[in-house]
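Look through the sequence and the structure before reading on.

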Amino acid sequence: SYSLTDTIYAQPAIFVIEYALAKLWISWGIRPQAAIGHSIGEYTAAAIANVFSLEDALEIVAMRGQLMQKCPHGSMLAVSLTESEVKSQLDKSNLSLSLSLSLTIAVINASKMCVVSGSDDAITQLEKSLTSQEISCRRLHTSHAFHSAMMESAVEPFVNKMQQLKLNPPSLPFISNVTGTWITPEEATDPNYW
């Protein structure tokens with residue numbers, strides 16, 4: 001059965017909607033001065049900024065979704081704590097060492113909003129621990145532990161694909177998900193960055 005929540009379909013769907021919306025606004029005369037996008041959204045920003053062609057973007061986004069779909073399943077948990085407070089929670093003794101080691105701070109969205117990725121069991125234990133302490137947390141609707149070591153098997157084939165593409169310096173500034181500041185031409189044209 002097919003589900004839009006499956007990474008293999010979700011990633012291209014998100015990209016296509018974001019790209020189409022950006023192009024629609026541009027066709028109406030609304031020209032962006034800069035762009036920002038989280039995760040697959042950064043690929044949309046890069047495509048709008050002509051780092052790669054639309055055809056190449058569609059190919060790599062589809063491949064990225066396929067590769068990530070093959071990775072081990074996992075979970076993600078949004079936590080209303082600072083990065084250091086989340087690290088402290090991950091180090092607490094009420095999580096077994098093996099579960100604690102499988103957890104990663106995957107995203108820092110704001111000063112008191114982080115996302116933790118890891119195995120289903122580890123995320124369940126962390127969620128129970130945080131809930132018992134009345135710390136606000138919420139499971140994300142994902143099938144995998146994105147932005148974590150659980151995605152490692154997707155990296156090499158994806159980099160190999162990126163090395164085959166023509167990457168251009170951005171024609172529009174956009175924010176890097178890696179650095180949190182403006183992407184540099186060197187980053188945008190480095191296959192390993194992606």
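## The main core

The largest nonpolar core has 39 residues. A nonpolar core here is a set of buried Ala, Val, Leu, Ile, Met, Phe, Trp, Tyr and Cys residues joined through side-chain atoms within 4.5 Å. Buried means under 20% relative accessible area, exposed means over 50%, and partly exposed lies in between (1.4 Å probe, protein chains only). Phe15, Tyr43, Val51, Phe52, Met162, Phe174 and Trp194 have the most contacts inside this core. At least two of its residues come from each of α1 (7–27), α2 (40–48), α3 (54–70), β1 (75–79), β2 (104–110) and α7 (155–163). Helices (H or I, at least four residues) and strands (E, at least two) are DSSP runs, numbered from the N terminus.

The model is predicted: local features need pLDDT of at least 70, side-chain atom pairs count only at pLDDT 80 or more, and totals for chains, interfaces and linings use all residues. Residues are numbered from 1 along each chain as its sequence is written, and side-chain values use heavy atoms, with hydrogens and water left out.

Contact means heavy atoms within 4.5 Å. There is also a second, separate core of 14 residues, and Leu77, Leu81, Ile123 and Leu126 are among them.

## Aromatic rings

A pair of aromatic rings is described by the distance of the centres and the angle of the planes. Rings of Phe, Tyr and Trp (its six-membered ring) pair if their centres lie within 6.5 Å; planes under 30 degrees apart count as stacked, over 60 as edge-to-face and the rest as tilted. By this rule there are 6 aromatic pairs. One of them joins Phe15 and Tyr19, which are stacked, at 5.7 Å centre to centre with 20 degrees between the planes. Both residues lie in helix α1, 4 residues apart, or about one turn of the helix. An α-helix has 3.6 residues a turn, so residues three or four places apart point the same way. Phe15 counts as buried because its relative accessibility is 0%. Tyr19 is buried too, with a relative accessible area of 14%.

The rings of Tyr43 and Trp194 have centres 5.1 Å apart and planes at 55 degrees, so this pair is tilted. The pair links distant parts of the chain: Tyr43 is in helix α2 and Trp194 in the segment after α8 (185–188), 151 residues apart. Both residues are buried. Tyr43 and Trp194 also belong to one aromatic cluster with Phe52, Phe158 and Tyr193.

## Helix α2 and its cover

How many of the 9 residues of α2 are buried? The count is 9 of 9, and the helix is described as mostly covered. Among the buried residues are Gly41, Glu42 and Thr44. The cover over the buried residues of α2 includes α1, α3 and α7. Asn50 follows α2 and has a positive phi, near 65 degrees.

Lys161 lies in helix α7. Lys161 counts as buried because its relative accessibility is 14%. Leaving aside neighbours within four places in sequence, Lys161 is in contact with Glu59, Ile60 and Met63.

## Two buried loop residues

Cys71 lies in the loop between α3 and β1, and Ala154 in the loop between β4 (137–139) and α7. Cys71 counts as buried because its relative accessibility is 2%, and Ala154 because its value is 9%. Beyond four places in sequence, Cys71 touches His144, Met150, Met151, Ser153 and Ala154.

Ala154 and Gln66 are 88 residues apart in sequence, and their C-alpha atoms are 8.9 Å apart. For Cys71 and Pro169, 98 residues apart along the chain, the C-alpha atoms are separated by 31 Å.

## At the surface

Is Val178 buried or exposed? Val178 is exposed, because its relative accessible area is 61%. Val178 is found in the loop between α7 and α8. Val178 and Tyr193 are 15 residues apart in sequence and 8.3 Å apart in space, C-alpha to C-alpha.

Trp25, in helix α1, is partly exposed, with a relative accessible area of 41%.
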